[in-house]
Each structure stands twice: as C-alpha cells, then as structure tokens.
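Hello,

Here is the structure I promised to pass on. Please open it first; my notes follow below.

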Amino acid sequence: MPHIGRTLPRPAAASPAPVPVPWAQATIPGRVAIISASVGAGHDGAAAELARRLEGGGLRVDRFDLLDLLPVRLGQAVQEIYHRMLVRAPWAYQRIYSSTERAGGGGRVARTLLRSAEERVLRALPPDTGAVVSTYPGASRVLGNLRLGGRLTVPVLTYLTDFSVHPLWVADGVDVHLAAHAVPARQARAAGARDVRTCGPVTDPRFRPGAREDRDRGRADFGLPEKTPLALLVAGSWGVGPVRQVAKELRDCGAAVPVVVCGRNEALAARLRADGIEHVFGWVDDMPALMHAADVLVQNAGGLTSLEAFAAGLPVASYRCIPGHGLTNAAALDEAGAAVWVRNADDLKKVLCDLIDGSLGQHQREVGLDLFARAPGEGPAAEIARLCLSGTSPQSSAPPSRPRRRTLARRRLALRPRVTTTAALAGAVWACAVGAGFATTHDAPGLVHTIGHSLDLDDLPPGHRSEGHRS
C-alpha cells in the first residue's frame with residue numbers, strides 16, 4: 001500500500017540485521033514455529049519481531065498465519081466479519097467480546113471452527129520443530145488442544161500481545177504464557193494460566209528515544225510544523241473508531257495540532273481532509289520517524305503502536321477507545337501507569353498539556369521505557385529460545401500420554417471425510433451468530449442497512465454506539 005498524502009523525500013529505514021545474542025548455538029540449531037493471524041497488524045507485527053530476534057540468535061524460524069490454515073477459505077471470511085463489525089457495528093463486537101469474557105472463553109461455534117484447523121496446523125509444522133509460539137488467541141486454542149491430545153509433543157508458548165488478557169488468550173495445554181507487564185501477567189493467572197513469565201514487550205529496534213535532530217528531521221520529512229506541539233492520532237492498520245470526531249476535538253482543544261494516520265483506510269483519509277484536518281496520512285512505512293516528530297500519541301486500541309510509542313519515549317493517551325479489547329487495554333495500560341485513559345472530553349486539553357510539557361509526560365516516558373528488557377539475553381525471544389534449545393517441556397502442564405498409533409490413525413481416517421463439511425458448517429454458524437448479535441440490537445431495516453451499507457462510526461445512531469465511543 002503506497003503512502004497516502006505526502007510523498008516522503010527519503011525511503012523508510014530498513015530493519016536492522018539480526019544481532020548475535022548469548023543463547024546462539026550454531027552447532028545445534030533449534031527450530032521455532034510462530035503462528036499468528038492477519039487480523040489487524042499487531043499480531044503479525046509481534047510475530048515478525050520475535051522471528052527477527054530468534055533468527056539473530058541462530059535459530060530457524062517458520063511463520064504461519066492461522067487464517068491460511070482454516071479450511072475452505074474460512075480465514076478470509078473470519079477476517080472480513082471481524083473487520084465489518086469493528087467498522088460498521090462496534091456495539092455487536094462489544095456484546096460478543098463481553099459475553100465470551102463472562103463465559104471464560106469461546107463457545108461451541110469457536111471451538112468447532114478452531115478444531116477444523118488442527119490437522120492442517122499439525123501437518124504444517126516441520127518435523128524438527130523444537131517449540132511453537134502463538135501470538136493470537138485462536139492459535140493458542142488450536143495448539144493447546146494438540147498438546148492436550150498428545151499429538152504435539154514440543155513446548156507451546158503464547159506471547160500475549162495485549163496489555164489486557166481476554167480468557168480466550170489462556171488455553172489449556174499451553175506450557176508458558178509470556179506477558180509484557182505484571183498487569184497482564186496477573187490477568188493471565190486469574191484466567192487459569194499456570195506458568196506466566198513477565199519478560200517485557202518486543203518492538204522493532206528502530207523505535208527508540210529520539211534526539212532533537214531526529215525530531216527536526218522527522219517534521220521536515222513529513223512536512224509538519226517546526227515548533228507547534230503535535231498529537232499523533234492512530235487507529236490501527238484498519239483506521240477504525242471515531243477518528244474524525246477525535247481529530248476535530250484535538251484540533252479544537254488547542255493543546256496540539258493533530259497528525260492523523262489512517263492506515264489502509266483511504267476513505268477515512270479523504271473524509272478527514274474534507275473536514276479540514278491538515279496533516280493526514282494513510283499507510284506510513286517510517287513510523288519511527290513520525291513518532292520522533294510528535295509530542296504525544298493518542299490511540300484507541302492499545303495494541304502494537306502503543307508499545308512502539310513506549311519504546312520511542314513518546315507519552316501515550318487512550319481516548320474514545322474502540323469496544324472490546326480497546327477498552328480493556330486502556331484500563332490495563334492506565335493501571336500499569338504506562339498510558340493515561342482520558343474518559344472525559346473536558347479533560348482532554350489538560351491531560352495533553354501535562355503529557356507534552358508536564359510531569360505526567362516525564363513519568364510515562366520512564367514507565368514505558370522500563371518495560372523493555374535491558375540485555376540481549378532477556379525478553380520474550382530469550383525465553384522462547386531457552387525453552388526450544390533445552391529439549392524439555394515444563395512439568396507443570398505436561399500433556400497426557402500420546403494415543404496409540406493405531407488409534408490415532410483410525411481417528412484421522414474417520415475425520416477426513418468430515419473436515420470440509422464441519423468447517424463449512426462452522427463458518428455458517430459463525431456468520432449466523434454474528435447476525436444474531438446484530439438482530440438483538442437492530443430492527444430488520446436497521447440490520448439490512450448495517451450489513452449492506454458502509455457506515456461511519458461517527459454516523460451511528462446514539463443508541464447503537466458503544467460506551468467506548470463516548471467520553
């Protein structure tokens with residue numbers, strides 16, 4: 001996706017080459033598989049950085065997308081449904097998120113859908129794989145089931161990409177959960193995880209605190225004002241949430257000039273320009289330079305971009321968050337002292353000024369930077385590498401004994417004729433469940449309008465807006 005808005009006068013900086021680290025064992029290379037999902041960019045971004053670090057330590061890494069491993073292209077349907085809910089009907093996503101949170105995880109439909117991927121995941125893993133890492137809750141469920149059934153005999157780790165931990169993240173059978181902070185670690189244990197290790201987040205090393213010359217260079221490259229305070233407004237790779245409303249509020253409060261990144265949402269970028277927002281960008285390759293140019297980050301989801309801002313020494317405010325994980329991440333980040341959650345529009349200007357020039361901003365810069373591991377032998381990648389190279393699994397969650405080969409073979413033969421049918425039914429039931437969620441809130445004409453037309457979150461009727469879109 002090309003950069004939308006201004007053309008950068010210099011190419012984006014290339015990712016640094018892998019750096020050797022203390023766990024490297026060139027004579028006995030290990031092999032790690034990482035399973036993510038292309039649902040937004042956060043899960044894939046974490047997977048990419050873990051892979052880069054592991055490869056820097058001499059390990060071989062295979063990456064897989066869970067959505068590609070679902071049968072009959074169900075992955076594409078799941079991605080599209082999720083995207084449409086966030087953009088067109090966030091209240092439906094909030095209801096599903098809350099109901100599964102109260103129930104302690106996914107229901108029968110989700111289990112059926114994920115079960116259809118187990119055989120494909122097992123076949124995709126190279127035979128010499130020493131450990132498998134999940135950066136997506138659905139992948140953790142699939143891998144945990146394979147471990148519990150004795151069909152996967154190597155350690156399974158879940159890297160928690162979010163600061164808040166939905167029960168779907170914690171799957172029986174997963175050996176180790178890796179958390180960025182004590183807050184998500186505590187939530188993971190409360191959800192039933194036994195071996196939880198707090199080892200900090202991972203971000204591209206280009207995200208680092210910038211000097212004065214980095215700030216000046218970034219502003220010149222992006223055509224931004226030289227001296228005016230700038231608030232970088234982000235809404236994920238899909239550009240979801242009430243971005244137009246927040247951009248106008250940032251502009252009108254006078255604390256900082258909004259600089260909006262819309263990701264791949266070109267329609268949103270066009271609307272913002274029509275609203276008179278001067279500095280609007282689509283997909284930006286050189287986000288480190290843009291963060292160096294900014295004074296504060298305003299975000300609504302609490303995902304990878306927030307972690308990148310912490311690494312860059314940029315204070316973060318959560319405001320008008322998207323439903324579901326956006327709200328729970330805002331609460332967890334606020335509890336950790338890493339990002340302030342602005343709940344009231346009347347407080348926006350005061351908080352932003354304190355983050356830009358006051359003691360609150362200095363405190364948050366220190367908290368954010370303290371999240372990250374100090375030495376190359378520390379952090380999530382180091383934990384993964386040590387577990388992979390040890391050749392043993394943690395005793396606390398060892399799976400039951402492996403089924404006899406003949407029994408397993410019979411089970412596979414019986415399963416094959418039903419895989420496609422089961423997967424198709426799972427997809428249909430999944431879609432019906434989403435439709436039922438819509439129907440519980442909309443009348444029939446409203447339901448048809450929601451499914452068949454593109455809605456802007458700012459134009460949703462007041463009764464259908466999630467609480468996350470109010471201050």
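Gln245 lies in helix 10, which covers residues 243-253. The model is a predicted one. At 24% relative accessibility, Gln245 is classed as partly exposed, because burial would require a value under 20%. Its C-alpha atom is 9.2 Å from that of Arg320. Along the chain, Gln245 and Arg320 are 75 residues apart.

Next, the rings. The count gives 1 aromatic pair. Phe222 and Phe281 form an edge-to-face arrangement, because their planes stand at 90 degrees, with the ring centres 5.5 Å apart. Phe222 and Phe281 are both buried.

The charged end of Arg264 sits over Trp283, 3.8 Å from the ring centre.

Last, a helix pair. Helix 15 (residues 348-357) and helix 16 (residues 359-370) have axes that come within 5 Å and cross at roughly 60 degrees. The crossing of helix 15 with helix 16 is right-handed. Helix 15 contributes Val351, Asp354, Leu355 and Ile356 to the contact. From helix 16 come Ser359, Leu360, Gly361, Gln364 and Arg365. By class, this contact holds 4 nonpolar, 3 polar and 2 charged residues.

Best wishes

Methods: Residues are numbered from 1 along each chain as its sequence is written. This is a predicted model: local features need pLDDT of at least 70, side-chain atom pairs count only at pLDDT 80 or more; totals for chains, interfaces and linings use all residues. Side-chain values use heavy atoms; hydrogens and water are left out. Helices (H or I, at least four residues) and strands (E, at least two) are DSSP runs, numbered from the N terminus. Buried means under 20% relative accessible area, exposed over 50%, partly exposed in between (1.4 Å probe, protein chains only). Axes are lines fitted to C-alpha atoms, for helices over the stretch in contact, and angles run from 0 to 180 degrees between N-to-C directions. A crossing is left-handed if the near helix is turned anticlockwise from the far one by less than a right angle, and right-handed if clockwise. Contact means heavy atoms within 4.5 Å. Ala, Val, Leu, Ile, Met, Phe, Trp, Tyr, Cys and Pro count as nonpolar, Asp, Glu, Lys and Arg as charged, and the others, Gly among them, as polar. Rings of Phe, Tyr and Trp (its six-membered ring) pair if their centres lie within 6.5 Å; planes under 30 degrees apart count as stacked, over 60 as edge-to-face and the rest as tilted. A charge sits over a ring if NZ of Lys or CZ of Arg is within 6 Å of the ring centre and within 35 degrees of the ring normal.
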